[in-house]
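Please keep the sequence and the structure in view while working through the numbered points.

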Amino acid sequence: MTTILSKEADGAAAHVPSADALIVNGVGHSFGDKRVLDNVSITVPRGAFTVLLGLNGAGKSTLFALVTRLYDNVSGEIRILGHDLRRKPTAALQRLGVVFQSRTLDSDLTLEQNLFYHAALHGIRKAEAKTRAVEALTTVGLADRAHEKIRNLSGGQARRVEIARSLLHRPALLLLDEATVGLDIGSRESVLSIVRGLVEREGMGVLWATHLIDEIAPTDRVVVLHKGRILYTGSVPGLLEVSGQPNIREAFRSMTGAKDTAEAA
Amino acid sequence: MNVDTPMRSFEAEAPRKHGLGAYAACFRGIVWREVLRFLYQRERFFSALVRPLVWLFIFAAGFRQVLGVSIIPPYTTYVLYETFITPGLIGMILLFNAMQSSLSMVYDRETGAMRTLLVAPFPRSFLLFSKLIGGVAVAVLQAYTFLLIAYFWDITPPWHGYLTVLPALVLSGLMLGALALLMSSLIRQLENFAGVMNFVIFPMFFASSALYPLWRIREGSPLLYELARFNPFTHAVELIRFALYGEIGAKIDPTMTPVSAGISMDGVLIPLASGELLDLTHVVVVAGCTVVFLSAAVFAYNPSKGLIARRGGPGGGNAG
């Protein structure tokens, strides 16, 4: 069992011992009588690409909503860079970048204006925002289209803008919820490659929620979430070893009982 | 079935301090986005203007001879019906803009754009208030554009009225915007917005002093009169009316007759003593309602307490 307790941070602000990018410890959530997350505990180290693998309805988006404080976390503990999300939401959210499952760009505004808006939401002034917007758009290969409206972009390009936007405030933790859904193969590869590059170059911690098994690389950390419960957390070789299966797809099927491979394509 | 991986430890980040500059940048960014969106959506700009102009050019012209308006403050002489309903039509602009803003927030919530606002590292009350101010800025732009066009239709308040009406527009816009913000947290789906038209916009507008003075309403229906008296929109319209004619908080001219120096809030003309200040009830009611609506909206959007959390959160319960 992964040890994910962390008692640091809030009590001694000047001498916080250490922190992973994200610590989720014993978190649960219900919608009415329906329990959608139950005693979920995961960690996302910095400099690691962590895949949150689960079928549709497994609870991935709910977990994201809790980590981003869209829903209130009433049981367990969530810490971002050591800061308790409930007690110090501002400090916790400062270094968190998010790409939501549904598109959240303003299609009437240009790429640059969307990025400026996001920069403002993080208290970044206009002059600094301009510099960072150019950097971020360069990272995702869209610097030459900064003055175009979002509505003129393809789905893959819009996703890349959302990634650029999530980088503006220089996060240490990046959450991406089904970021490649609806994209063609080329766009998927492009988005994945950008995010993996961020992990390697910037040492960012990434939590990548997906139901697509072919997005997992052998060096990734994997968290298997099924019906609101964590079934596995660890390395890919560890997953194969524990499940006794030859590949990730079979391992996932044996753990979750998914009968149809199309469910986890 | 879990397997351990070595935990990596790093120095924890000290939180960045958000000074006044950061708050100002955030506030400016939110307001600017609202204004930009409005300017880019030209059809929205024109349709927002066409509605009150149709009322002014057609409805008011048609009813000019049917609906008589006696001398009531702040008017010191007989006025045309067009002049009388102008503050009401400005109130209509604020009301519809607020509801449009509410619609936009429901849409934002459904598509997820509202999430980017709510996960920003600032107090949620500050974020919502900034969004509210953005909506008010758009409404004020519309109101002044309407007044400019109305000027060429012989609606000519005193020049200082164009300045004194500004705080009234802001305050009334805040009240209606806060109500819309609260409603956006209560409306679950975009389709429910038709209900808002039927149960909020129309009753608020028609059961008010926007189209006819309250004393005329009382003659026709005492029950409607009571409803209109307690309608916050009535107070917003009267606040705008008095502010447009520079009468809020003004000293009463001792030479004025009791009739012309009365208070029109409820249509009863109350004589005032010489030198007494005009009633500030409208200011108090509008400001009070703003505080109540905004507090309720902040509560509703609070993830730990509010209605949003209980109903599946902003984003429409996309719990995949």
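1. At roughly what angle do the axes of helix α6 (residues 159-186) of chain B and helix α11 (residues 281-301) of chain B cross? In this predicted model, the two axes cross at roughly 25° and come within 8 Å. Angles under 35 degrees count as roughly parallel, and α6(B) and α11(B) are therefore roughly parallel to each other. The crossing in which α6(B) passes α11(B) is left-handed.

2. The residues that join these two helices deserve a look. On the side of α6(B), the contact includes B:Leu171, B:Leu174, B:Met175, B:Ala178 and B:Leu182. On the side of α11(B), the residues met include B:Val283, B:Val286, B:Phe293, B:Leu294 and B:Tyr301. By class, the contact of α6(B) with α11(B) has 17 nonpolar residues, four polar ones and no charged ones.

3. A second pair in chain B is formed by helix α1 (residues 20-40) and helix α5 (residues 124-151), whose axes come within 8 Å and cross at roughly 40°.

4. Which residues of α1(B) meet α5(B)? Among them are B:Tyr23, B:Phe27, B:Ile30, B:Arg33, B:Glu34 and B:Phe38. Their partners in α5(B) include B:Phe126, B:Lys131, B:Gly134, B:Gly135 and B:Leu141. The residues of this contact divide into 13 nonpolar, four polar and three charged.

5. In chain A, helix α5 (residues 155-167) packs with α6(A) at an angle of about 15°, and their axes are 9 Å apart. That angle makes α5(A) roughly parallel to α6(A). α5(A) passes α6(A) in a right-handed crossing. From α5(A), the contact is made by A:Gly156, A:Arg159, A:Arg160, A:Ile163 and A:Leu167. From α6(A), it is made by A:Ser187, A:Ser190, A:Val191, A:Ile194, A:Val195 and A:Leu198. By class, six residues of the contact of α5(A) with α6(A) are nonpolar, three are polar and two are charged.

6. Attention may now turn to the second largest pocket, which has a volume of about 310 Å³. Its lining consists of 16 residues, and those nearest its centre are A:Leu167, A:Arg170, A:Leu198, A:Glu202 and A:Met204. The elements that give two or more residues to the lining are α4 (126-139) and α6 (185-202) of chain A. α4(A) gives the most, with four residues. By class, the lining has seven nonpolar, two polar and seven charged residues.

7. The final point concerns the backbone angle phi. Most residues other than glycine have a negative phi. A:Leu81 is not a glycine either, and has a positive phi of about 50°. A:Leu81 lies in the loop between β4 and β5 (83-84) of chain A.

Terms used:
Residues are numbered from 1 along each chain as its sequence is written. Chains are lettered from A and ligands numbered from 1 in the order in which they are written. This is a predicted model: local features need pLDDT of at least 70, side-chain atom pairs count only at pLDDT 80 or more; totals for chains, interfaces and linings use all residues. Side-chain values use heavy atoms; hydrogens and water are left out. Axes are lines fitted to C-alpha atoms, for helices over the stretch in contact, and angles run from 0 to 180 degrees between N-to-C directions. Angles under 35 degrees count as roughly parallel, over 145 as roughly antiparallel, 65 to 115 as roughly perpendicular and the rest as oblique. A crossing is left-handed if the near helix is turned anticlockwise from the far one by less than a right angle, and right-handed if clockwise. Contact means heavy atoms within 4.5 Å. Ala, Val, Leu, Ile, Met, Phe, Trp, Tyr, Cys and Pro count as nonpolar, Asp, Glu, Lys and Arg as charged, and the others, Gly among them, as polar. On a 1 Å grid over the protein atoms alone, a cavity is a set of points where a 1.4 Å probe fits but cannot get out, and a pocket is an open set with protein on both sides within 12 Å along at least five of seven lines; lining residues have an atom within 4 Å of a point. Grid points are joined across faces, edges and corners, and a volume is the space filled by probe spheres set on the points.
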